Amino acid sequence: MSNPANKYGAIPVFADPNNYKSNRAFKDENHTVRFPSKYEYKVYCGLMGYLIRTNSQYQDQRYFLELQFTITLISKGVMQSAITHVVDFVIRDLHAKSNPILYVEAKGQFLKEYNQKMKMLQAVRPNVHSRYLVVSDNEPPSSYTAYYCPFKKLEHCLYGLGVK
């Protein structure tokens, strides 16, 4: 049996897509949604709980959470191969003119390579960077992201960013 931890020591979690609070250490017939770390799963649970409560205020579901959203930074036509970035979550709003309304990254560690991608994102996709939230219990380097909040303030931050 292989070691479930990745190269940074994070332990993956598998969640049930029909019950976001149900999780396992290994994939089974019900737990098919993979999160590369317990922290990313924790942020997912925080986002889902908040969106479910917020959506209950509307007649129809307004906000949707999408996982592992790919952002093209530089297209293949410009480079030999495209340069992309995959953000952990995006929040979509059926009432918004532009979607996704918010890009959310769960970050345990701030790695140099990731910081470089954030600088590229800011330069080539400022419209995305301006709606990018990093959730971490460690404060990011300066100019890392447009918005940052620790997990314990996630709901307050989402509300302040217009998800209400």
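Modeller: Ground rules before you ask: helices (H or I, at least four residues) and strands (E, at least two) are DSSP runs, numbered from the N terminus. This is a predicted model, where local features need pLDDT of at least 70 and side-chain atom pairs count only at pLDDT 80 or more, while totals for chains, interfaces and linings use all residues. Residues are numbered from 1 along each chain as its sequence is written, and side-chain values use heavy atoms, with hydrogens and water left out.

Colleague: OK, in what order do the elements of the protein chain run?

Modeller: Start with the tally: the protein chain has four helices and eight strands. Reading from the N terminus, their order is β-β-β-α-β-β-β-α-α-β-β-α.

Colleague: What radius of gyration does the protein chain have?

Modeller: The radius of gyration is taken over C-alpha atoms, and the globule rule is 2.2 Å times the number of residues to the power 0.38. For 164 residues, a compact globule would come out near 15 Å, and the protein chain agrees with that, at 16 Å.

Colleague: What share of the residues is buried?

Modeller: Buried means under 20% relative accessible area, exposed means over 50%, and partly exposed is in between (1.4 Å probe, protein chains only). Of the 164 residues in the protein chain, the buried share is 41%.

Colleague: What is the phi of Gln68?

Modeller: Gln68 belongs to strand 4 (residues 63–74), and it counts as partly exposed because its relative accessibility is 41%. Most residues other than glycine have a negative phi. Gln68 isn't a glycine, yet its phi is positive, at about 50 degrees.

Colleague: Are the side chains of strand 7 buried or exposed?

Modeller: In a regular strand the side chains alternate between the two faces of the sheet. In strand 7 (residues 132–135), Tyr132 and Val134 point one way, while Leu133 and Val135 point the other way. Whichever way they point, all of them are buried.

Colleague: Which residue of strand 8 stands opposite Val135?

Modeller: Two strands pair if DSSP finds at least two bridges between them. Strand 7 pairs with strand 6 in the parallel sense over four bridges, and Tyr132 is the bridge partner of Tyr103 there. Strand 7 also runs parallel to strand 8 (residues 147–149), with three bridges joining them. In strand 8, the residue opposite Val135 is Cys149.

Colleague: What is the relative accessible area of Ser136?

Modeller: Ser136 lies in the loop between strand 7 and strand 8. Contact means heavy atoms within 4.5 Å, and beyond its neighbours within four places in sequence, Ser136 is in contact with residues including Tyr39, Lys107, Phe110 and Cys149. Ser136 counts as buried, and its relative accessible area is 0%.

Colleague: How far apart in space are Asn23 and Tyr41, C-alpha to C-alpha?

Modeller: Asn23 is in strand 2 (residues 19–24) and is partly exposed, with a relative accessible area of 32%. Leaving out residues up to four places away in sequence, Asn23 touches Val13, Phe14, Ala15, His31 and Tyr41. Asn23 and Tyr41 are 18 residues apart in sequence, and their C-alpha to C-alpha distance is 9.0 Å.
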